[in-house]
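Here's a quick briefing to read with the model open in your viewer. Take a look at the structure first, then work through the points below.

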Amino acid sequence: LKIIEHAKNNRWPWVMVMEDDCVAREAMQEWPMISAFLMQEKDRWDLFFGGGLYLYPKKIEHDFKEQSHKNIKLVECDQVHATHFIIYHQRSYDSLLAWHQWPLPLEQRLPIDVFIQGCQLRKWVPFPFIAWQKSRHSSTANKFLDCDRSFKIAEQALDGFKTFLMLSSKK
């Protein structure tokens, strides 16, 4: 959160945070097009996730079908869990910094990615994902986390959502 606080204090319009366990996916090659669209449409999103878990998709915000080799879509979600690759818009700074102000010890607070879900922020994620989190041993959960499998399942769920929307629009 120090990065977000720094961005707020310096009036940065947005800040990108990539954790050391972030892994670029093949769709990352479309980043120049995606980032240009995000800047063009900066009033329509608050958080952009490179990929996510436990997604509750809401609607497809944009389809890059004509401009992209990968047929990338941006999906607005009510819920996205992951902190490995996020762009925080300046509108989100105060909501996220509120977590830091909680009068509880850190170990008793909700994880920040769970806290984010309670904030009224517009969350976008690309499909397919441009970044995953590396599989690793979690010291907090004291077990191996198979992130590859988890992110594949989340992407499959988004693909099902996309298909559902396409079929619904044809009725």
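The largest pocket here has a volume of about 1,200 Å³. Its lining counts 33 residues, and those closest to the pocket's centre are E19, T83, I112, D113 and Q133. Keep in mind that this is a predicted model.

**The pocket lining**

- Sorted by class, the lining of the largest pocket comes out at 19 nonpolar residues, with seven polar and seven charged ones.

**How α1 packs on α3**

- A pair of packed helices can be described with two values, the angle between the axes and the distance between them.
- For α1 and helix α3 (residues 93–101), the angle is about 135 degrees and the axes sit 10 Å apart.
- Is the crossing of α1 and α3 left-handed or right-handed? The crossing is left-handed.
- On the α1 side, the contact is made by I4, E5, A7 and K8, and these meet Y93, D94, L96 and L97 of α3.
- By class, the residues in this contact of α1 with α3 split into five nonpolar and three charged, with no polar ones.

**Backbone spots to check**

- What kind of peptide bond joins F127 and P128? That bond is cis, with omega at about -5 degrees.
- To find P128, go to the loop between β7 (123–127) and β8 (131–133).
- R11 has a phi near 60 degrees, which is a positive value in a residue other than glycine.
- You'll find R11 in the loop between α1 and β1 (14–18).

Conventions:
Residues are numbered from 1 along each chain as its sequence is written. This is a predicted model: local features need pLDDT of at least 70, side-chain atom pairs count only at pLDDT 80 or more; totals for chains, interfaces and linings use all residues. Side-chain values use heavy atoms; hydrogens and water are left out. On a 1 Å grid over the protein atoms alone, a cavity is a set of points where a 1.4 Å probe fits but cannot get out, and a pocket is an open set with protein on both sides within 12 Å along at least five of seven lines; lining residues have an atom within 4 Å of a point. Grid points are joined across faces, edges and corners, and a volume is the space filled by probe spheres set on the points. Ala, Val, Leu, Ile, Met, Phe, Trp, Tyr, Cys and Pro count as nonpolar, Asp, Glu, Lys and Arg as charged, and the others, Gly among them, as polar. Axes are lines fitted to C-alpha atoms, for helices over the stretch in contact, and angles run from 0 to 180 degrees between N-to-C directions. Helices (H or I, at least four residues) and strands (E, at least two) are DSSP runs, numbered from the N terminus. A crossing is left-handed if the near helix is turned anticlockwise from the far one by less than a right angle, and right-handed if clockwise. Contact means heavy atoms within 4.5 Å.
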